[in-house]
Each structure stands twice: as C-alpha cells, then as structure tokens.
Amino acid sequence: MSCKDFINRLKLPFQKDGELRRSLYDILGFLPGDIKLYKQALMHKSAYGRKYQGQKQNNERLEFLGDAVLDAVVGDIVYHHFKGKSEGFLTNTRSKIVQRESLNKIGLEIGIDKLVRSSDAVHNTHNSNLLGNAFEALVGAVYEDRGYDACMRFMERRILKSLVNIDKVAYKEVNFKSKLLEWSQKNRVRVNFDLVKEGKEGTASPTFETDLVIEGVNCGTGRGYSKKESQQMAAREALKNLKQHTELEEAVFLAKSRRTAMDERPESMLPDVPVDDIPTPDTDTQVADKAEEAQEPAKRKRRQRKKKVAEQASTDSTVTETKESPDTGDKEQPKRQKENSRQRRQRKARKNTETSDQQTEE
C-alpha cells in the first residue's frame with residue numbers, strides 16, 4: 001500500500017460514502033479514486049438512478065467496457081500461464097472464465113450482491129445475470145479509474161489466485177449436453193430430454209425439471225432456472241451415472257439391441273390361412289395358364305372361346321358316331337332316342353294290322 005492510500009484509508013470514517021469506499025477496498029485491494037464511477041457500476045437499470053443531461057445513469061455502458069477489458073486481461077493471463085498450448089485451447093479456457101455463469105459466481109463470492117442497487121423483483125430473481133453484469137461494470141470502472149495494469153493486478157491477485165483455479169477451469173468439461181450427444185451419435189443410441197415439471201420458486205424465478213432418457217432408460221434428472229440449465233444438469237448427472245454404474249450402460253445397450261431387432265422385422269406379417277384349404281393346381285400347365293390369365297385378360301377370353309368351340313365340335317362328332325353305329329350296344333344312349341324307336345315300332349305295328357284287315361275283307 002502506498003503512503004497516499006494509507007492516508008486515504010485513515011480518512012475513510014470521516015469521508016462521504018466511507019462505508020462504500022471501505023467495501024470497495026476489501027474487494028479491489030485499493031481505494032477507489034473517482035467514487036462516481038463505482039457508484040454507476042453498481043447501479044442496475046431497474047433502480048432509479050440520478051440523471052445526467054436528461055439520461056438515466058446505470059451500469060450498462062461500463063458493463064460494455066468491462067466486457068472488452070475482461071477479454072483482453074484474461075486472454076493475456078491465459079496466454080502466459082499455458083505456454084505452448086494451441087489457440088483453440090486458449091480460447092476455450094478464456095470463454096470458460098468469462099462466461100456469464102462464472103462471472104455470476106465470482107460476483108456473489110466477492111460480495112457485489114450487497115452493494116449493487118436494483119429493484120427487489122430483479123434482485124431476487126435467481127436466473128438473472130445481475131451480479132455478472134455488475135462485475136463487468138466494476139472492471140470497466142477500475143479501467144477508467146486506474147487503467148489496464150490495475151485491472152490486471154485485480155484479476156490476478158483477487159480473482160484467479162483466490163477464487164478461480166485457472167488450471168481446474170481449463171480442464172473442466174462444461175458443455176455436458178454437447179458431450180453426451182456426441183457420445184450418443186457415435187454409439188447410435190436415441191436420447192430424449194423430457195420436461196417433466198415446470199414451476200416457480202417464490203414469486204419471481206421459474207424452475208424447470210428435465211429427465212434424460214436414453215433408449216427408454218431414465219439415466220438422469222436435472223433442475224435449473226431455465227430449460228437449458230436443466231438439460232445441462234440432466235446430461236451431467238447422466239454421464240456421471242453411466243460412468244459409475246456399468247449396469248445402467250448395459251441396460252441402455254440392451255434396449256438398443258431390442259429396438260434394432262424390432263426395426264429389422266417386416267412391417268406386416270403373412271395372413272394366417274390354413275394350408276390345407278389352399279387349392280393345389282393339377283398340373284404345371286394349369287398354374288401357368290392361371291398366371292397368364294391373371295396378367296392378360298384378353299388372352300384368357302380368347303382361350304375360353306377356343307375351348308368352347310373345341311368342346312362343341314367334340315360333342316357333334318360324338319353324336320354323329322352314335323347315329324352311324326347303332327349296334328354299339330351302348331346302354332347310355334339318350335332317353336329321347338329310345339322314345340323315337342318305340343314310336344316307330346308302334347307305327348309299324350299299326351300299319352301291319354291295317355294291311356291284314358284289308359286283306360281279310362277282300
């Protein structure tokens with residue numbers, strides 16, 4: 001601590017906004033110069049702030065500045081901490097540190113929640129980014145008040161050394177849902193995120209509960225203040241359960257094998273017809289004729305006509321042979337022919353009787 005800062009610290013009880021200055025000193029490690037910047041950084045847009053040139057003052061502009069400064073400072077720290085690492089690794093590590101969830105956690109741990117000014121409805125909403133935005137605005141205020149080097153010292157000494165383990169964050173897997181979906185695609189298993197419950201915590205914050213179902217097997221449940229967060233938590237629990245419990249993984253792949261076996265079966269089964277009731281064709285020729293008739297109706301009609309003509313011709317020839325050969329002794333002759341023969345005999349007998357009567361009279 002410089003001599004000037006030591007003297008200013010002794011004056012804190014007698015200065016205006018002394019309590020705010022002392023709280024900022026505990027957070028930053030140095031006394032703020034322009035206290036107006038820090039007041040603005042801790043003023044959320046939902047609170048009634050003072051006006052300057054007709055515009056309400058809040059921390060949105062400082063938040064914009066702090067976001068850019070954080071990217072530069074954290075990128076500088078990560079670059080020198082992980083020597084020899086690829087650009088992709090460095091980018092991923094920086095994004096994990098400056099992501100909104102991490103900044104919200106940092107803001108809570110350093111006590112910004114006790115200093116930031118906002119409406120009660122926003123302050124009590126758990127899924128808002130109030131603290132993370134205020135932390136970015138605070139970094140922007142430090143940059144405006146003390147410059148880039150002060151921001152670097154603040155992040156290195158106050159944040160990364162005491163609150164954030166940069167090595168642990170770098171190798172920590174964050175996007176559990178992405179990793180789970182990648183695993184499911186490689187193993188060709190079906191994954192479903194089922195929203196099972198939706199409610200509210202208190203009066204402001206909505207809550208969501210999601211079940212992660214893999215091949216019909218419930219592998220994990222996640223809860224959060226957004227659908228995305230609940231899915232992330234469900235994916236995280238599912239990956240943990242699959243690694244710790246081998247029987248769960250076996251159940252998933254057993255369900256997959258059953259599903260794929262069902263997919264390979266025909267969509268419709270053959271009709272249940274007794275085989276004995278199916279007529280059997282007499283000859284192969286008849287089978288061929290039936291198949292041909294089914295395919296060519298015109299040819300079938302022609303064949304039928306030819307067949308009728310042939311049958312009629314055969315009948316006529318049979319009748320002719322019967323007339324020409326009366327002594328064949330066929331007992332199967334038509335009844336009509338027998339009746340004609342009987343009538344002829346009767347006529348002949350009457351004629352003979354009449355002839356004999358005439359001769360007697362003469």
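Helices here are DSSP runs of H or I, at least four residues, numbered from the N terminus. Quick caveat: this is a predicted model, where local features need pLDDT of at least 70, side-chain atom pairs count only at pLDDT 80 or more, and totals for chains, interfaces and linings use all residues. Residues are numbered from 1 along each chain as its sequence is written, and side-chain values use heavy atoms, with hydrogens and water left out.

Back to α11. Which of its residues are buried? That's F176, L180 and S184, where buried means under 20% relative accessible area, exposed over 50%, and partly exposed in between, with a 1.4 Å probe and protein chains only.

W183, in α11, pairs with F253, in α13 (residues 246-264), 70 residues apart. Their ring centres are 6.1 Å apart and the planes are at 80°, so we call it edge-to-face. For Phe, Tyr and Trp (its six-membered ring), a pair needs centres within 6.5 Å; planes under 30 degrees apart are stacked, over 60 edge-to-face, the rest tilted. W183 is partly exposed at 22% relative accessibility, and F253 is partly exposed at 27%.

Last one: the charged end of K177 sits over the ring of F193, 5.0 Å from its centre. The criterion is NZ of Lys or CZ of Arg within 6 Å of the ring centre and within 35 degrees of the ring normal.

Key:
Helices (H or I, at least four residues) and strands (E, at least two) are DSSP runs, numbered from the N terminus.
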